[in-house]
Each structure stands twice: as C-alpha cells, then as structure tokens.
Amino acid sequence: VILFYFVQKRKRPRKAIVPPDGIFDLELLGLFNGKTGPIFMGVCGKVVNVSSSENIKVGEGYGRLWAGKDATYALAVLSLKPEDANKLDFTLKQFTDEQRTALAGWYKHFTARYPVVGRLREYDGWDFSDIEKEAEKQRPFGLKEESAEAKPEPSSEEPVMLRAGDKVKLQGLEDENLNGKVGVLRSLVASTGKFAIELDGDDGTVQVKPSNILKV
C-alpha cells in the first residue's frame with residue numbers, strides 16, 4: 001500500500017500553475033498551450049503571456065507552432081518549422097547579424113507588448129544582454145516607421161505576421177527603384193534569413209529582410 005502511494009504521488013501530472021519564483025522549465029511551459037492553461041511562450045529566456053494576441057491562437061498558425069513552447073531559435077532564423085520550436089542546441093554566436101537583429105525585434109515586440117511572467121530554467125547562464133540592447137532600437141516587423149515629428153501613442157495594433165502568398169510592398173531599401181514595389185511573398189530563404197518576393201509586372205524575384213516588408 002505504501003509503495004502504491006508513492007508511485008501514484010510520483011506520477012501525479014503537473015498543472016498549469018505559474019510557479020511562485022517565476023522559474024519555468026520546458027515541461028511546465030508546455031502546459032500553458034491554450035488548452036490546459038493560458039498561452040505562454042518563451043523568447044530569449046523570458047516567458048511571456050501571449051493569450052491576448054490575435055495572431056497566436058490554439059491549434060492554428062503561430063499558436064500551433066509556439067503556444068507553450070520556446071520560440072527563440074525559430075524567431076532568429078525566421079523558421080516556421082515545428083522542429084525549430086524548443087530548439088536548444090544552438091549558440092547566439094552562430095547567428096548572423098541579420099538574424100540577431102531579427103531576434104532583437106521579436107524580443108522587443110513580445111516582451112514590450114505582453115506580460116513577462118517568468119523565465120526559462122534551460123537558459124540559465126545564457127547572456128542575452130546584446131540582444132536586449134539591440135532591441136532598444138528595434139520595432140515590430142511589418143509596421144510603418146513612425147514619423148519623427150509624431151508623438152508616440154499607445155497602440156493595440158498587432159505586428160503583421162507574414163505568410164507565403166501574402167501581398168507585400170517593399171520599403172526602406174537602399175535601392176530606391178525597389179521601394180514601393182508590390183509583390184507576393186513566396187518563401188523564406190533560410191540561408192540568408194530573408195524573404196523571397198516575386199514582384200508584380202515581371203520584375204523578377206528579390207530577397208529582402210523582414211523589416212523591409214509591409215503587408216498590403
């Protein structure tokens with residue numbers, strides 16, 4: 001009887017309860033998937049409550065990829081592959097400058113717009129200070145640049161989440177001939193961290209960074 005008691009106690013499932021010390025591990029984070037708890041996700045060692053996001057819903061799109069999971073690596077390399085969620089076998093040094101910038105932009109978005117409820121134990125010892133510093137000058141991808149004279153106002157607008165087949169417009173490129181061009185997003189080029197855009201009017205295909213794309 002005593003042995004049975006201890007076996008049952010050991011196998012008792014964990015519940016989606018925010019730990020008092022705010023320290024999560026991937027197993028506990030997985031319970032906050034929108035089904036057994038609210039929707040939490042991890043980014044750069046932080047755990048954020050994204051339940052209010054219009055783009056992260058249970059069982060669909062980004063929710064299917066990142067709800068209850070760590071998205072750090074996927075956000076850096078702009079990956080929509082399920083296997084790149086909860087990926088820990090990487091280092092920040094292996095990212096290109098563009099990938100670090102991408103990660104910083106998403107870190108700023110998620111930690112500034114949604115409540116940070118804790119941190120991930122698996123990232124203990126990691127130093128994200130350079131990403132956090134870079135994030136200070138980043139803005140969510142897909143949003144228009146604020147006017148220098150405009151006064152910043154709080155906004156509940158979600159950043160534009162891009163998908164293959166979306167109609168987009170190019171902006172902020174060094175080649176002025178490309179700015180304002182409209183095309184269709186075809187794919188993510190993993191080796192460069194850029195999106196391949198097929199331009200309208202037989203103008204060919206170009207590769208651009210996420211920050212140079214505005215969804216139309």
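Both Tyr123 and Phe128 are buried in this predicted model. The two residues are also partners: Tyr123 and Phe128 form an edge-to-face aromatic pair, with 5.5 Å from centre to centre and 70° between the planes. Both belong to a cluster in which ring pairs link Tyr73, Phe90, Phe95, Tyr123, Trp126 and Phe128.

Rings count as a pair here if their centres lie within 6.5 Å. By this rule, the count of aromatic pairs is 13. Among them is the pair of Phe24 and Phe32, whose ring centres are 5.6 Å apart. The planes of these two rings stand at 70°, and because an angle over 60 degrees counts as edge-to-face, the pair is placed in that class. Phe24 has a relative accessibility of 0% and is therefore counted as buried. Phe32 is buried as well, with a relative accessible area of 1%.

As a whole, the protein contains 6 helices and 10 strands. It has 216 residues, of which 42% count as buried. Its accessible surface comes to about 12,600 Å², and carbon and sulfur atoms account for 51% of that area. Contacts were also sorted by separation along the chain. Among contacts between residues at least 6 apart in sequence, 55% join residues at least 24 apart.

An open sheet is formed by 4 strands, in the order β1-β5-β3-β2, with mixed pairing. The edges are taken by β1 (23-24) and β2 (40-43). Each of these has a single partner strand, so one side of each is left without a neighbour in the sheet.

The pairings can be followed across the sheet in order. β1 and β5 run parallel and are paired over 2 bridges. Within this pairing, Ile23 has Arg119 in β5 as its bridge partner. Strand β5 (residues 116-120) pairs with strand β3 (residues 46-49) in the antiparallel sense, over 3 bridges. Opposite Arg119 in β5 stands Lys46, while Val47 stands opposite Gly118 in β5.

The pairing between β3 and β2 is antiparallel and has 4 bridges. Here Phe40 has Asn49 in β3 as its bridge partner. The two strands form a hairpin with 2 residues between them. Cys44 lies in the loop between β2 and β3 and has a positive phi of about 55°, although it is not a glycine. Most residues other than glycine have a negative phi. With a relative accessibility of 3%, Cys44 counts as buried, because the limit for this class is under 20%.

Asn86 counts as partly exposed, because its relative accessibility of 29% falls between the limits of 20% and 50%.

In a regular strand the side chains alternate between the two faces of the sheet. In β2 both faces are covered. Phe40 and Gly42 lie on one side, Met41 and Val43 lie on the other, and all four are buried. Although β2 stands at an edge of the sheet with a single partner strand, both of its faces are thus covered.

Helix α5 (residues 97-113) packs on the sheet and touches β2, β3 and β5. The direction of the helix makes about 145° with that of β2. Ala102 has its place in this helix. Its relative accessibility is 5%, so Ala102 counts as buried. The C-alpha atoms of Ala102 and Glu134 are separated by 9.8 Å, while the two residues are 32 residues apart along the chain.

Notes. Residues are numbered from 1 along each chain as its sequence is written. This is a predicted model: local features need pLDDT of at least 70, side-chain atom pairs count only at pLDDT 80 or more; totals for chains, interfaces and linings use all residues. Side-chain values use heavy atoms; hydrogens and water are left out. Rings of Phe, Tyr and Trp (its six-membered ring) pair if their centres lie within 6.5 Å; planes under 30 degrees apart count as stacked, over 60 as edge-to-face and the rest as tilted. Buried means under 20% relative accessible area, exposed over 50%, partly exposed in between (1.4 Å probe, protein chains only). Two strands pair if DSSP finds at least two bridges between them. Contact means heavy atoms within 4.5 Å. Axes are lines fitted to C-alpha atoms, for helices over the stretch in contact, and angles run from 0 to 180 degrees between N-to-C directions. Accessible areas come from the Shrake-Rupley method with a 1.4 Å probe; for residues, only the protein chains shown count as cover.
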